[in-house]
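This report considers the salt bridges of one protein model. Please look at the sequence and the structure below before reading on.

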Amino acid sequence: MIEVLLGFPFALVGLWLAYAGIQDYRSQRAMLAGRRRVTAQITDTGVEERQHDGGGTYFVPVVSYRYELDGETYESDRVLPPEARTGYPYSDPAWDVVSRYEDETTVAAYVDPAAPSVAFLEPDGMRRPLLFAGFGVALTVLTGLYAIALALA
């Protein structure tokens with residue numbers, strides 16, 4: 001019986017992870033629903049080294065691009081949505097992102113019509129919440145199966 005009680009916190013953590021992941025995914029989907037997809041022209045790429053407020057370095061992929069919306073031309077350098085955290089503790093992952101965008105190529109960008117200067121390239125970073133939720137579900141199910149196995153033994 002004590003093993004079942006010891007597993008209870010793991011089940012709660014799993015449920016919390018699943019809930020948080022699903023909520024994050026839903027909010028990101030709602031944010032993407034208001035965006036328009038436009039064609040963008042890559043103008044420059046690189047990686048910026050930045051400093052955390054408390055010290056330490058992180059690396060941000062920067063992909064500059066130009067796009068048109070309703071006859072006006074805009075420029076942006078965001079890869080992920082403004083709400084998403086960007087930056088990596090090492091430069092290699094940032095360079096991996098940048099390598100997907102060669103200079104002078106055409107890509108899809110997502111623009112907020114209410115703020116046309118706010119655009120980003122990759123809604124794919126939005127899969128992470130689903131992985132987070134999946135891990136939470138798996139943790140909860142495994143904890144439940146373990147408790148059932150103990151109860152039957």
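## Salt bridges in the model

E48 has a relative accessible area of 34% and is therefore partly exposed. The model that gives this value is a predicted one. The partner of E48 is R50, with which E48 forms a salt bridge whose closest N and O atoms are 2.7 Å apart. R50 is likewise described as partly exposed, at 32% relative accessibility.

By the rule applied here, the model contains four salt bridges. Three of them, including the pair just described, are listed in the table.

| Salt bridge | N to O distance |
|---|---|
| R50 and E48 | 2.7 Å |
| E122 and R100 | 2.7 Å |
| D70 and R36 | 3.5 Å |

The salt bridge between E122 and R100 has an N to O distance of 2.7 Å. E122 belongs to the loop between β5 (115-120) and α3 (128-152), while R100 belongs to the loop between α2 (91-99) and β4 (106-112), so this pair ties together parts that are 22 residues apart in sequence. E122 is buried, because a relative accessible area of 11% falls under the 20% cut-off.

D70 and R36 form a further salt bridge, with the closest N and O atoms 3.5 Å apart. Since D70 is in the loop between β2 (57-69) and β3 (72-76) and R36 is in strand β1 (residues 36-51), the pair ties together parts that are 34 residues apart in sequence. D70 is exposed, with a relative accessible area of 63%, whereas R36 is partly exposed at 37% relative accessibility.

Note on methods
Residues are numbered from 1 along each chain as its sequence is written. This is a predicted model: local features need pLDDT of at least 70, side-chain atom pairs count only at pLDDT 80 or more; totals for chains, interfaces and linings use all residues. Side-chain values use heavy atoms; hydrogens and water are left out. A salt bridge is a side-chain nitrogen of Lys or Arg within 4 Å of a carboxyl oxygen of Asp or Glu. Helices (H or I, at least four residues) and strands (E, at least two) are DSSP runs, numbered from the N terminus. Buried means under 20% relative accessible area, exposed over 50%, partly exposed in between (1.4 Å probe, protein chains only).
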